[in-house]
Amino acid sequence: MTQLVLGSTSRYRAELLRRLVADFEQRAPGTDETLAPGEAPAGGALRLAIAKAEGAARGLAGAWVIGSDQIAELDGRALGKPGSIEGAQAQLAACAGREVRFHTGLCLIDTRDGQRRTHLDTTGVRFRPLTEAEIARYVVREMPLDCAGSFKCEGLGIALFERIDSSDPTALVGLPLIALARLLREAGLAIP
């Protein structure tokens, strides 16, 4: 039987994948997530998704390995994970009243034959105008320090938005399940 591996230690991605399959392994891909100088956020998200799948696939035979990466883009530049309360507050202040694009790259590698399937999802998020007090309350309550864009849309972060434009609502959380289900079916896994 072919093993399914998620090349990520993210609990958010693991929770999403459990919607499709119950039995999978998580492996740290050991990937440097730094964008190359001048690299576009969309291209970087796809490149990193591929790198994560390849990293997690090392040494595995008979496995489907999933890699995914997300990069938030504001005014053509990438927004990383804030890492601190101050960083999260600054990111949200910059996003307030504006549209941010979230590029989610996805890669599925079949280690049996080396075949690689990829997908790139772009979701537009229109933030509503936010006050400093709203931003501060949100950051203290959700602590989105490990999230690109400084929010968790599956939680209270949804209250920060005016609109989400997406073909796959799970992509914004970090793993586009509609595309992943298609890639897994193409690879031979019965979903559902």
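Where is serine 150? I found serine 150 in the loop between α4 (132–142) and β7. I am working on a predicted model throughout.

I went to serine 150 for its phi, which is positive at about 65 degrees although the residue is not a glycine. I noted the background first: most residues other than glycine have a negative phi, and most peptide bonds are trans. Is serine 150 buried or exposed? I get a relative accessible area of 0% for serine 150, so I put it down as buried, the cut-off being under 20%.

Next I looked up aspartate 75, another non-glycine residue with a positive phi, this one about 55 degrees. Aspartate 75 sits in the loop between β3 and β4. I read 58% relative accessible area for aspartate 75, and because exposed means over 50%, I logged it as exposed.

I also checked the peptide bonds and wrote down a cis one between isoleucine 191 and proline 192, with omega about -15 degrees. Proline 192 belongs to the segment after α5.

**Entry: aspartate 69**

What does UniProt list for Asp69? The unreviewed entry has Asp69 down as "active site". I placed aspartate 69 in strand β3, residues 63–74. Its relative accessible area is 5%, so I call aspartate 69 buried.

Which side chain makes a polar contact with the side chain of aspartate 69? I found lysine 52 there, at 2.7 Å. Beyond four places in sequence, I listed the contacts of aspartate 69, including Arg13, Glu33, Ala45, Leu48 and His103.

**Entry: histidine 103**

Histidine 103 is in strand β5, residues 99–110. I have histidine 103 at 3% relative accessibility, which means it counts as buried.

I logged two polar contacts from the histidine 103 side chain: one to the side chain of glutamate 73 at 2.5 Å, and one to the side chain of threonine 122 at 3.0 Å. Leaving out residues up to four places away in sequence, histidine 103 also touches Pro41, Ala42, Gln70 and Leu120, among others.

**Entry: the largest pocket**

I then looked at the largest pocket, whose volume is about 640 Å³. Its lining has 35 residues, and those closest to its centre are Arg13, Glu33, Gln70, Lys81 and Asp146.

Which element gives the most to the lining of the largest pocket? I have β3 in that place, with five residues. At least two lining residues each come from α1 (11–17), α2 (41–57), β3 and β4 (77–79). By class, I wrote down 16 nonpolar, 10 polar and nine charged residues for this lining.

**Entry: valine 65**

Back in strand β3, I looked up valine 65. Valine 65 has 0% relative accessible area, so I noted it as buried. Away from its sequence neighbours, valine 65 touches Val5, Ala53, Leu60, Cys107 and Ile109, among others. I also took a C-alpha distance: valine 65 and alanine 88 are 23 residues apart along the chain and separated by 31 Å.

**Entry: aspartate 165**

Aspartate 165 is in strand β7, residues 161–165. I read 37% relative accessibility for aspartate 165, so it goes down as partly exposed. Its side chain makes a polar contact of 3.0 Å with the side chain of arginine 163. Outside four places in sequence, I found aspartate 165 touching Glu99, Thr122, Thr123 and Gly124. From aspartate 165 to isoleucine 66 I have 25 Å, C-alpha to C-alpha, across 99 residues of sequence.

**Entry: helix α5**

Which residues of helix α5 (residues 177–187) are buried? I listed Leu177, Ala179, Leu180, Ala181, Leu183, Leu184 and Ala187. As a reminder to myself, an α-helix has 3.6 residues a turn, so residues three or four places apart point the same way. What do the buried residues of α5 pack against? I noted β1 (3–6), α1, β3, β5 and β6 (115–127). After α5 comes glycine 188, with a positive phi near 110 degrees.

Technical notes:
Residues are numbered from 1 along each chain as its sequence is written. This is a predicted model: local features need pLDDT of at least 70, side-chain atom pairs count only at pLDDT 80 or more; totals for chains, interfaces and linings use all residues. Side-chain values use heavy atoms; hydrogens and water are left out. UniProt positions are given in the numbering used here, feature names are shortened, and annotations may be inferred rather than shown by experiment. Helices (H or I, at least four residues) and strands (E, at least two) are DSSP runs, numbered from the N terminus. Buried means under 20% relative accessible area, exposed over 50%, partly exposed in between (1.4 Å probe, protein chains only). Contact means heavy atoms within 4.5 Å. A polar contact is a pair of N or O atoms within 3.5 Å; within protein, one must be able to donate a hydrogen and the other to accept it, and residues adjacent in sequence count only if both atoms are side-chain atoms. On a 1 Å grid over the protein atoms alone, a cavity is a set of points where a 1.4 Å probe fits but cannot get out, and a pocket is an open set with protein on both sides within 12 Å along at least five of seven lines; lining residues have an atom within 4 Å of a point. Grid points are joined across faces, edges and corners, and a volume is the space filled by probe spheres set on the points. Ala, Val, Leu, Ile, Met, Phe, Trp, Tyr, Cys and Pro count as nonpolar, Asp, Glu, Lys and Arg as charged, and the others, Gly among them, as polar.
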